[in-house]
Amino acid sequence: MTGQDEAAPSPGIHQGPGAPLPGPPQRLSPKVLLTEPIRMLPSLFLPLAGVLFVGGFSPSSFLWAALGVAGSVAYAVVRWATFTYQVAGDRLELTRALVSRSVRTIPLERVRGVDVSNPPLHRLLGIAVLKIDTGAGGEDKQEGELDGVTVAEAERLKAVLLRHARAGAQTGEGGRDPVAVPAGPYQEGVSTPVDRPQAERVLFVVPRRWLAYGPLSGAYLLTPFALAAGAVGLAFQWGNELRVDGRFLVGAGEWLWDHPVVLLVALVLLVLAMPVAGGVMYAVFNWDFTLRVREGYLVAGRGLLTRRSVSLERRRVRGFELVEGVAERWAGVARAWAVVTGLGDSQTRGQLLPVVPRSKALDVVGEAVGPTISRLRPHPPAARRRRLFRAVFPWLVIAVCAGAAGLVWSPLWWGPAAVALLLAALGVPLGLDRYRSLGHAYDGARLSVRSGSLRRSQVVIEERAVVGWKLTQTPFQRQARVLTVTAGVGAGSGGYSAFDVGEAQGVAFAAEVTPAWLAPFLLTGNSERPKPVE
């Protein structure tokens with residue numbers, strides 16, 4: 001049966017929450033036959049261009065190129081006709097029978113999130129891409145994708161999959177314990193029956209004027225240089241096909257090098273284009289960023305050309321990470337990510353907020369996940385000395401070596417020596433700021449660690465998210481009587497560290513959060529200091 005383009009429910013799929021889902025296999029929308037050949041064009045461009053150039057743009061070469069295009073269209077038709085999907089009981093089955101029959105089965109209880117995206121061509125045709133996250137670390141072979149369902153079918157199937165995944169979690173399917181639906185941040189509320197619909201609530205919509213903060217994040221500022229590098233790479237890659245001699249490109253580069261004024265003007269133009277291009281790219285990716293709560297899920301939607309919707313199961317959210325770059329801290333803005341168990345591609349899919357004012361970020365994250373911990377415990381003076389040493393000493397070594405080379409070989413080495421001395425001087429405020437950024441805390445329910453200067457990150461996670469501790473000391477740390485305490489977490493990046501805490505302070509921090517775990521490893525009696533755990 002072909003996919004239905006109208007908004008009527010698919011046959012066999014019951015709309016009531018918790019209802020069984022029998023029904024015949026479904027196919028993708030036939031409109032996908034228009035997107036598949038276009039998607040394949042980049043990979044076909046070089047072969048088709050080669051056929052035309054080799055054939056001298058003769059009628060026969062155009063015929064062979066047309067046959068190649070027709071073959072790609074026929075392949076897309078066969079792939080569409082041999083692919084079906086079906087929600088059968090407690091699982092989603094994706095079946096492909098091109099040469100041999102293969103069936104990929106995804107248990108609904110393993111579904112961690114369902115993302116719906118609409119690339120430009122898909123939006124024009126009224127279809128969408130639905131991706132299913134099973135918490136398998138982002139491995140494609142463990143996840144499912146339906147590229148080409150109608151928008152109505154994508155939203156309906158998303159609701160069905162998330163509803164049944166949540167139902168399985170609440171009823172303890174798959175050997176898991178029943179879990180109450182959170183009534184608020186970091187609170188356990190009364191379990192909500194699966195068949196009781198919950199109203200959608202919008203937490204925050206990023207005002208469009210705040211898109212001006214985008215270039216402050218830094219990565220988008222490199223857009224002009226990335227475009228220029230991509231253009232040069234394409235010129236070298238396609239030079240032969242387009243009858244552009246590679247020696248011409250090399251000669252153009254040598255000419256620019258011999259005319260430093262032109263090269264300098266080009267660099268100045270690229271630098272001036274950084275905030276503009278960065279702001280445009282940031283707006284394209286984060287247009288109308290909306291964070292809402294829907295049936296136990298945090299749903300983040302964004303995008304101008306490609307609209308994307310990401311769902312995060314709230315009961316699997318273990319905390320959040322607040323990130324601030326140097327320019328962002330100066331402007332008083334920040335970004336936020338959720339720390340979620342079993343989430344692949346967390347740096348993209350786990351984003352709660354783009355660049356917004358820090359106070360607003362704390363308010364929104366506090367409502368969606370939980371409050372932050374503002375008062376952090378400082379680290380000992382030894383941590384400050386280590387930060388200053390690491391920020392200044394390497395540049396001093398380079399300055400001394402370059403100065404020695406200037407005395408022995410050539411005065412040209414005095415230039416690098418002066419630059420290294422300048423960087424060493426700048427390392428002093430950088431090291432002090434890195435020390436001020438260090439901190440850790442525990443309030444009885446959550447723990448928090450913070451570090452970094454150029455990219456300062458503060459993580460707040462629930463106590464229940466901690467699955468282990470790792471206390472390490474390098475020889476230099478042992479001499480300074482400090483250590484690094486890492487809380488192992490089955491979510492996010494897998495572990496979050498408090499760097500260069502005092503020996504007694506670090507052990508006490510871990511023992512405060514999980515006292516029963518560290519009690520057998522701590523020395524008692526009249527010992528001078530606790531024994532670090534390796």
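Q: Is V261 buried or exposed in this model?
A: V261 is exposed, with a relative accessible area of 62%. Keep in mind that this is a predicted model.

Q: Which helix is V261 found in?
A: V261 belongs to helix α7, which covers residues 260–286.

Q: And which residues form the nonpolar patch on the surface?
A: V261 is one of them; the others are L264, V265, V268, L269 and L272. Together they have about 580 Å² of accessible area.

Q: New topic: helix α10. Which of its residues are buried?
A: Helix α10 runs over residues 358–368, and its buried residues are A361, V364, V365, G366 and A368.

Q: What do those buried residues pack against?
A: They pack against strands β7 (201–205), β8 (290–294), β9 (297–302), β11 (317–325), β12 (333–340) and β13 (351–357).

Q: Why is β13 described as largely enclosed?
A: Seven of the seven residues of β13 are buried, so the rest of the structure largely encloses this strand.

Q: In which sense do β12 and β13 pair, parallel or antiparallel?
A: Antiparallel, over four bridges.

Q: Which residue stands opposite L353 there?
A: A336 stands opposite L353, which is in β13.

Q: Zooming out, how many helices and strands does the chain have?
A: The chain has 15 helices and 19 strands.

Q: How much of the chain counts as buried?
A: Of its 534 residues, 44% count as buried.

Q: And what does the accessible surface of the chain come to?
A: About 27,300 Å², with 65% of that belonging to carbon and sulfur atoms.

Technical notes:
Residues are numbered from 1 along each chain as its sequence is written. This is a predicted model: local features need pLDDT of at least 70, side-chain atom pairs count only at pLDDT 80 or more; totals for chains, interfaces and linings use all residues. Side-chain values use heavy atoms; hydrogens and water are left out. Patches are made of residues with over 30% relative accessible area and no salt bridge: like charges are joined within 9 Å, nonpolar side chains (Val, Leu, Ile, Met, Phe, Trp, Tyr) within 5 Å. Accessible areas come from the Shrake-Rupley method with a 1.4 Å probe; for residues, only the protein chains shown count as cover. A salt bridge is a side-chain nitrogen of Lys or Arg within 4 Å of a carboxyl oxygen of Asp or Glu. Helices (H or I, at least four residues) and strands (E, at least two) are DSSP runs, numbered from the N terminus. Buried means under 20% relative accessible area, exposed over 50%, partly exposed in between (1.4 Å probe, protein chains only). Contact means heavy atoms within 4.5 Å. Two strands pair if DSSP finds at least two bridges between them.
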